[in-house]
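Please look first at the chain as a whole, and then follow its helices and loops one after another with the text below as a guide.

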Amino acid sequence: MIRLENICFEYENKLVHQDLNMQIAEGQLVLVVGPTGCGKTTLLGIINGLVPHFTGGKLSGVVSVNGIKSHESSGHDWSKLVATVSQNPDDTFVAQTVEDEIVFGMETHGFDASAMRQRLEEVIDLLGLQPIRNRDLASLSGGEKQRVAIASALTLEPKVLLLDEPTRALDPVAADEILSALHRLVQDLGITILISEHR
């Protein structure tokens, strides 16, 4: 599902990754672990296409997902193939309520109303968001916000889901809930998940 071939990335004259080769099969959940600053977030950015297009730096090598090379795909198409959940969901939320946040990505991709409603119900059920679906995002706990961010990422039915330190600010119970939800996604949907964590 994910293939990196001879990846080298340099940022501000500092080599972040050199001769990186990696293959991840479809339907795997893979954990990338390392200390803060070792390049985990950069690796996710290389896969989702934000590096170097939005970060700057020099990237060489080949990134492919589901057999499609990133340089042969538009950013719009790539965003439907690879979804990313950042460290802090609050930084990426654009709406005020749970439902509005979940449908935002579908609206920007031109989904019709019936398709949006059906997909909204599917991800709400999948991630157990029924009790909070009408709540204001500001009133949610850290774990609830993380589940909303994951639901929002899943609405476009990506093949790959990338998560950057999804349990960073969560207590052990909330972290376990998030990890259980991710395991269910792999088992039920066959989605490929790559998680970056420092612990």
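The paragraphs that follow go through the helices, their packing, and then some single residues in loops and strands.

This is a predicted model, in which local features need pLDDT of at least 70 and side-chain atom pairs count only at pLDDT 80 or more, while totals for chains, interfaces and linings use all residues. Residues are numbered from 1 along each chain as its sequence is written, and side-chain values use heavy atoms, with hydrogens and water left out.

Within H4, the residues Met-116, Arg-119, Leu-120, Val-123 and Ile-124 are buried. Seen down the axis of H4, these buried residues fall within an arc of 135°, so they line one face of the helix; the arc is that of the directions from the helix axis to the C-beta atoms. Buried here means under 20% relative accessible area, exposed means over 50%, and partly exposed lies in between, with a 1.4 Å probe and protein chains only. On the other side of H4, Ser-114, Gln-118 and Asp-125 are exposed. The cover over the buried residues of H4 includes helix H3 (98–108) and helix H5 (142–154), and after H4 comes Gly-128, whose phi is positive, near 65°.

H3 and H5 pack at an angle of about 30°, with their axes 7 Å apart; axes are lines fitted to C-alpha atoms, for helices over the stretch in contact, and angles run from 0 to 180 degrees between N-to-C directions. That angle makes H3 roughly parallel to H5, given that angles under 35 degrees count as roughly parallel, over 145 as roughly antiparallel, 65 to 115 as roughly perpendicular and the rest as oblique. The crossing of H3 and H5 is right-handed, a term for a near helix turned clockwise from the far one by less than a right angle, with anticlockwise giving left-handed. In this pair, Val-98, Glu-101 and Ile-102 of H3 meet Val-148, Ala-151 and Ser-152 of H5, contact being defined as heavy atoms within 4.5 Å.

H5 also packs with helix H6 (residues 172–189), where the two axes come within 9 Å and cross at roughly 20°. That makes H5 roughly parallel to H6, and the crossing of H5 and H6 is right-handed. The contact is made by Gly-143, Gln-146, Arg-147, Ile-150 and Leu-154 of H5 together with Ala-174, Ile-178, Leu-182 and Leu-185 of H6. Of these, Gly-143 counts as buried, at 5% relative accessibility, and, leaving aside neighbours within four places in sequence, Gly-143 is in contact with Leu-170, Ala-174 and Ile-178.

H6 itself has 18 residues and reaches 25 Å from its first C-alpha to its last, close to the 26 Å expected at 1.5 Å a residue. Its buried residues are Ala-174, Ala-175, Ile-178, Ala-181, Leu-182, Leu-185 and Val-186. They cover an arc of only 140° around the axis, which puts them on the same side of H6. These buried residues pack against strand E3 (29–33), H4, H5, E7 and strand E8 (192–197), whereas the face of H6 turned away from its buried side carries the exposed residues Pro-172, Val-173, Gln-187 and Asp-188.

Between strand E7 (160–164) and H6 there is a loop in which Thr-167 lies. Thr-167 is buried, with a relative accessible area of 6%, and, apart from neighbours within four places in sequence, Thr-167 is in contact with Ala-175, Leu-179, Glu-197 and Arg-199. Glu-165 is found in the loop between E7 and H6 as well, and its phi is near 50°, a positive value in a residue other than glycine.

Finally, a cis peptide bond, with omega about 5°, joins Val-51 and Pro-52, and Pro-52 has its place in the loop between helix H1 (40–48) and strand E4 (58–65).

Technical notes
Helix = DSSP H or I, 4+ residues; strand = E, 2+ residues; numbered from the N terminus. Expected span 1.5 Å × (residues − 1).
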